[in-house]
Amino acid sequence: MSFFIVAFLTLLPLIGVKYAGLNYLFGVIIPYFAFSVFIAGFAYRIFDWLKTPLPFRITTTCGQEKSLDWIKQDRLDSPSRFWHVVLRVLAEVFFFRSLFLNTRTELREGGNLVYGSSKWLWIGGLVFHWSLLLIGLHHIRFFFVMVPGFIDALNIADHFLDLTLPSFYITDALVLSALTFLFVRRVYDAKMRLISLPTDYFPLVLIVAIVIAGVFMRYVTKVDVMAIKDQMLRLVNFSFDAPGEIGVLFYVHLFLVCVLAIYFPFSKLMHMGAIFLSPTRILCNNSREKRHVNPWNTPTKFRTYAEYEDDYREKMKKANLPVEKQ
Amino acid sequence: MSKYVPKLSDLKKNFDEKPSILKGDYASKEWWETPFEFRDGNWCFPAKIDVVEELGFPNPRKWAATDNDWQLPQGWQKIISDGLKLRLKKFRSLKLYLDSCVRCGACADKCHFFLGTGDPKNMPVVRAELIRSVYRNDFTLAEKILKGFSGSRKLTAEVIKEWHMYYHQCTECRRCSVFCPLGIDTAEITMLARELLNLIGVNNNWILAPVANCNRTGNHLGIEPHTFVQNIESLAEDIEDHTGIKVNPTFNRKGAEVLFITPSGDVFGDPGVYTMMGYLLLFHHIGLDYTISTYASEGGNFGLFTSNDMMKKLNAKMYHEAERLKVKWILGGECGHMWRVVHQYMSTMNGPADFLEEPVSPITGTKFSNAVSTKMVHIAEFTADLIYHKKLKLDPKRNDHLKTTFHDSCNVARGMGMFEEPRYILRNVCNSFHEMPENTIREKTFCCGSGSGLNAEEFMEIRMRGGFPRANAVKYVKEKHKVDSLVTICAIDRASLPALMRYWNPGVAVYGLHELVGNALVMHGEKKRTEDLRENPMTGLLDEEKDED
């Protein structure tokens, strides 16, 4: 289903620009709309999560707590200070540490469970996200008149061999391989197939389509890069001027990116923000040391000692237990 | 064995026939199309009418999970839907975890219930989808438009049945949350799902009966004050018989330095009582000024498995009693979920405990600065500190008749982070200690399969299946190192693991850590020890005598 949706979405600008001449719609109106939805939606979702309280400090502890002086604390996995938490979250964001430590369980003949290290998801996920980030950074050159220096450095670092012209980016190959892997594992493994929803396939297929359109523009059909840059600069400067003459493939690429931007705040892609807010990971494991305050701590009526003694006084006296009232 | 569990050979065949973790054929099926069925051994009896009424909970009635009509109250859909909305506003965990799962599958093969049943709905990701699918349908507008696309569905009576089934095949052990790249904690979802189910009277007697007991008598078992005292005194008599030492525990005594609270299972249940004997010996050995309360006579808190309010209400007794008795601080016994509550919830819910002092060990002078706010210290922290400062006279040879391994209890492991203290104690009180395989211990430990109020007799099949990964790891050290003793620091473990071991690994006995401490303690003025607290011969001592001859 995701394939059909993405194919349909691809056809829209293809037909729209080529046959209906809707350059202005696809080059100006939709990008502005998509960008607004993305910013507003993303901000709203983050705000919505942030305003939801953290009533308890429910850290998932994956290492030794801070206790006696002579016992070594695992600061990363059982953080007790703010900077421990910062490291814990950053290790997750930059290195996907949990996935690095992932295991695989198998039931062997004889009914024995065996556990092994499992790094495939870690590699696939890491390569995909990092490549996407770097490719995103390459695009910065379209949004600035003067290209920032680090982008040029990245440009050089990302070259594989200067066999092609323009030279081939490693990240293009990596992102496509990683996306293929992430897609195939959902179909291939019975467990994965069962847990996967169309909302899991759709963003994968959509990003594949975006990348393919981009790769074609860069290496095959060759669009007018300067015209694109002009148009992008106009957009960043909030200009509503009509775009110049650009190949239709560019409109396909841009439109699919817009679809992704609109889809983003309403979908699981929001995990990008969620990872910084997850209660089990962003809280210190020091709730016995420093009292955590629950903003809605509901008052509850409990059974007091006095009520208890009233019910059991005679029995308590017989058992020689001290009582408050005779 | 129980009539609620298949023969071991049948269950083994089930594991052997198709050596794959996922059981059944799901080709071209979605998870919500897979059937489930209540039958003997896979559901807990619902709470009895008088229990529900005593607690003032909704919808008391006689019913069973196998009934076609569960007699849900009028307007139950609205109760659930409003209840969910309210909780989404109160708990970021619930909201964020329903919103952000990417279904990467890292958690899929981590749940002990999934490994033991092969049922796809026991994969943590699907367990959360059970409620997420309804949440999507009810709440997120944009996804509502794309209904089939996002895997959302309507809240029906069948969905409630499914929730009841699978939120009672989760022990809130948090193993999945260790592996989740976003830290999504299924325990949070299960807790709140059970809270919702309780709103419409879909409940579990094995949880609500202890809750009602605890509220009334102070402990889960419903032991009244005089019986509680009698029982501990009879344990003291047993101690005198074995060791010649007369220990003198006091009850409800004002002005003691320390209030000691432990799960009531240690006072009444076998083998918990031997752990209790260990505590009593230890306190006598160091001359601790302590008292035990008959009012706050429960360390555990089945409120945690019921609702946030109930957890708070039952927990409030600890501070209330500590304040009344004017103790300086509280010492807590070995228990899993009790420590989840004490460590992560107590001070927040019922603190600040300004009437108590910073806990200081009267023997070593160590300040427990990690408990300076909650003012409650774990017995393993306390004992490890004593051993480190050489304040205990221990003879580990007295445990030479035991070859031990250590089971990390889920809550203490993943909800507190206590790994080293119990191991340090164990190494000092016995000579033979072998770890289970590394992916089954510490933060990756497997649940006993009966935690979170699922220790019911009628639930035996699921308990034996859920406990299978733990039992399988014990089997490994049993075969490799002849391990015969499974040591643990959790009262539910002590109650449930013996059945699990009898089923999967006959010959392995279950011990509390402080029972081994009690065995190893060389008490001042003791009579000649030849037997451990269970009256088993201490073979290590016999060997020693031979050496001397």
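Predicted model: local features only at pLDDT ≥ 70, side-chain atom pairs only at ≥ 80, totals over all residues.

Q: Which residues of helix 20 of chain B are buried?
A: A residue counts as buried if 20 or more other C-beta atoms lie within 10 Å of its own. In helix 20 (residues 420-429) of chain B, seven of the 10 residues are buried, and the helix is mostly covered. They are Glu420(B), Glu421(B), Pro422(B), Arg423(B), Ile425(B), Leu426(B) and Val429(B).

Q: How is strand 6 of chain B covered on its faces?
A: Here one reads the residues of each face in turn. Ser485(B) and Val487(B) lie on one side of strand 6 (residues 485-488) of chain B, and Leu486(B) and Thr488(B) on the other; all are buried, so that both faces are covered.

Q: Which strands are joined to strand 6 of chain B by bridges?
A: Strand 5 (residues 404-407) of chain B runs parallel to strand 6 of chain B and is joined to it by four bridges. Within this pairing, Phe406(B) has Val487(B) as its bridge partner. Strand 7 (residues 509-512) of chain B also runs parallel to strand 6 of chain B, again with four bridges. There, Leu486(B) is partnered by Val510(B). Strand 6, helix 23 (residues 491-504) and strand 7 of chain B together make a right-handed β-α-β unit.

Q: What is the strand order in the open sheet of four strands in chain B?
A: The order is 2-1-3-4, and the pairing is parallel. The edges are read from the number of partners: strand 2 (290-292) and strand 4 (376-378) of chain B each have a single partner strand, so one side of each is left without a neighbour in the sheet. On average, neighbouring strands of this sheet are turned by 30° against each other, direction ignored. Strand 1 (residues 258-261) of chain B is joined to strand 2 of chain B by three bridges, and the two run parallel. Val258(B) stands opposite Tyr290(B) of strand 2.

Q: Which helix lies across strand 3 and strand 4 of chain B?
A: Helix 18 (residues 379-388) of chain B lies across strand 3 (329-332) and strand 4, and runs at about 70° to strand 4 of chain B.

Q: Why does the radius of gyration of chain B agree with that of a compact globule?
A: The value is set against the expectation for the chain length. A compact globule of 549 residues would have a radius of gyration near 24 Å, and chain B has 24 Å, so the two agree. The C-alpha trace of chain B spans about 80 × 55 × 40 Å along its principal axes. Chain B has 25 helices and seven strands, and 61% of its 549 residues count as buried.

Q: What should be noted about the backbone in the loops?
A: The peptide bond between Asp270(B) and Pro271(B) is cis, with omega about 5°; Pro271(B) is in the loop between helix 14 (265-268) and helix 15 (272-286) of chain B. A cis bond also runs from Gly351(B) to Pro352(B), with omega near -5°. Arg174(B), although not a glycine, has a positive phi of about 70°, and counts as buried because it has 27 C-beta neighbours inside 10 Å. Lys390(B), not a glycine either, has a positive phi of about 55°; with 9 C-beta neighbours inside 10 Å, Lys390(B) counts as exposed.

Q: Where is Asp109(B) found, and with which residues is Asp109(B) in contact?
A: Asp109(B) is found in the loop between helix 4 (92-100) and helix 5 (112-117) of chain B. Leaving aside neighbours within four places in sequence, its contacts are Arg104(A), Thr105(A), Ile21(B), Phe114(B) and Leu115(B). Asp109(B) counts as buried because it has 24 C-beta neighbours inside 10 Å.

Key. Residues numbered from 1 in each chain as written. Chains lettered and ligands numbered in written order. Pairing = 2+ DSSP bridges. Axes fitted to C-alpha atoms, helices over the stretch in contact; angles between N-to-C directions. Contact = placed C-beta atoms within 7 Å. Rg over C-alpha atoms; globule rule 2.2 N^0.38 Å. Buried ≥ 20, exposed ≤ 12 C-beta atoms within 10 Å, placed from the backbone. Right-handed = clockwise from strand over helix to strand, strands pointing away.
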